[in-house]
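Visitor: I would like to learn how to read a fold from its strands, helices and contacts. Please take me through one.

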Amino acid sequence: MAREPVAPPRPPCALYLITPPAIPDLPAFARTLGEALDAGAVAALQIRLKEVDDAAVLAAVAVLKPVAAARGVAVILNDRPDLAARSGCDGVHVGQGDASYAEARRTMGPDAMIGVTCHDSRELAMEAAEAGADYVAFGAFFPTTTKETAHRPEPEILTIWQETVETPCVAIGGITAANAADLARAGADFVAVSGAVWGHPDGPAAAVRELDQVLAGAF
């Protein structure tokens, strides 16, 4: 009797690190970032700076991109495809109120990584996936002080997405070492974390080390 084909195991959920919204001391933060990236497996670094001018964004990329690149970590810029392309980032993440996926792709080219915020909407996510997005992001799953949020999806959205669509999904919003494993098991390919890393009482490296262990043991 022929055996039913067995699906290959899903790769473990990976950490997607987001910078604080403000970085007052770039050289000091670069050192802290390097220590954090050395502490565990990080798939991507999103540079997300708010209320700063273009020059400050470009300066941040110039300092932080080599730190991430030296460790094989993809660098993704938030919101701005034009600055992402200009500064040589690996990709860009766009929200529903930012540039469209099509505009981001035109600006960044065919090889760039482009992610799209989809809040709690499978419909928005499906549109992005069908257009060619490299990943979609759902959230915020938990309360967060990093940014104002109006959407609170249930983890089930990750499960349904994982079972029906090949495009990777990122879970975001209030994620800590205490809840990351639940989202990984629900179906997240990546968990995006900011405040729980940079505000960790034992420092960012300890936070990444803890998250790395939690995600590795999620299954």
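**Reading a barrel**

Guide: Strand β5 (residues 113-117) and strand β6 (residues 135-139) are paired in the parallel sense, over three bridges. Strands pair here if DSSP finds at least two bridges between them. Strands (E, at least two residues) and helices (H or I, at least four) are DSSP runs, numbered from the N terminus. Within this pair, Thr 117 sits opposite Ala 137 in β6.

Visitor: What should I know about the model itself?

Guide: This is a predicted model, with residues numbered from 1 along each chain as its sequence is written. Local features need pLDDT of at least 70, side-chain atom pairs count only at pLDDT 80 or more, totals for chains, interfaces and linings use all residues, and side-chain values use heavy atoms, with hydrogens and water left out.

Visitor: In what order do the strands of the closed barrel run?

Guide: Follow the pairing from strand to strand. The closed barrel has eight strands, in the order β1-β2-β3-β4-β5-β6-β7-β8, with parallel pairing. From one strand to the next, the twist averages 25 degrees.

Visitor: How many bridges join β1 and β8?

Guide: Four bridges, in the parallel sense. Tyr 16 stands opposite Ala 192 in β8. Ala 14 has Phe 190 in β8 as its bridge partner. β1 also runs parallel to β2, joined by four bridges. There, Leu 15 is partnered by Val 42 in β2. Next, β7 and β8 run parallel and are joined by three bridges. Val 170 has Phe 190 in β8 as its bridge partner.

Visitor: Where do the side chains of a strand point?

Guide: In a regular strand, side chains alternate between the two faces of the sheet. β1 is mostly covered, with four of its five residues buried.

Visitor: Which strands does helix α9 touch?

Guide: Contact means heavy atoms within 4.5 Å. Helix α9 (residues 204-216) packs on the sheet and touches β1 (14-18), β2 (42-47) and β8 (190-193). Its direction makes about 150 degrees with that of β1. Axes are lines fitted to C-alpha atoms, for helices over the stretch in contact, and angles run from 0 to 180 degrees between N-to-C directions.

Visitor: At roughly what angle do α5 and α6 cross?

Guide: Roughly 35 degrees. The axes of helix α5 (residues 122-131) and helix α6 (residues 156-164) come within 12 Å. α5 passes α6 in a right-handed crossing. On the α5 side the contact residues are Arg 122, Ala 125, Met 126 and Ala 129, and they meet Ile 157, Ile 160 and Trp 161 of α6.

Visitor: Now the loops. Is Thr 19 buried or exposed?

Guide: Buried, with a relative accessible area of 0%. Thr 19 lies in the loop between β1 and α1 (26-38). Its side chain reaches the backbone nitrogen of Arg 48 at 3.0 Å. That is a polar contact: a pair of N or O atoms within 3.5 Å; within protein, one must be able to donate a hydrogen and the other to accept it, and residues adjacent in sequence count only if both atoms are side-chain atoms. Not counting residues up to four places away in sequence, Thr 19 touches several others, including Phe 29, Leu 45, Leu 64 and Trp 198.

Visitor: Which residues have backbone atoms that lie by the side chain of Asn 179?

Guide: Two cases. A polar atom of the Asn 179 side chain lies 3.2 Å from the backbone oxygen of Gly 174. A polar atom of that side chain also lies 2.8 Å from the backbone nitrogen of Thr 176. Asn 179 is in the loop between β7 (169-172) and α7 (180-186). Asn 179 is buried, at 12% relative accessible area. Leaving aside neighbours within four places in sequence, Asn 179 contacts Phe 142 and Gly 174.

Visitor: What about Ile 175?

Guide: Ile 175 lies in the loop between β7 and α7. Ile 175 counts as buried, at 4% relative accessibility. Leaving aside neighbours within four places in sequence, its contacts include Phe 142, Leu 183 and Val 191.

Visitor: How many disulfides are there?

Guide: A disulfide is a pair of cysteine sulfur atoms within 2.5 Å. By this rule the count is zero. The closest cysteine sulfur to that of Cys 13 is in Cys 169, 8.3 Å away, so it is too far for a bond. For Cys 118 the closest is also in Cys 169, at 10 Å, again too far. Cys 13 is buried at 6% relative accessibility, and Cys 118 is buried at 0%.

How values were computed
Buried < 20%, exposed > 50% of the residue type's maximum accessible area, 1.4 Å probe, protein only. Left-handed = near helix turned anticlockwise from the far one by under 90°.
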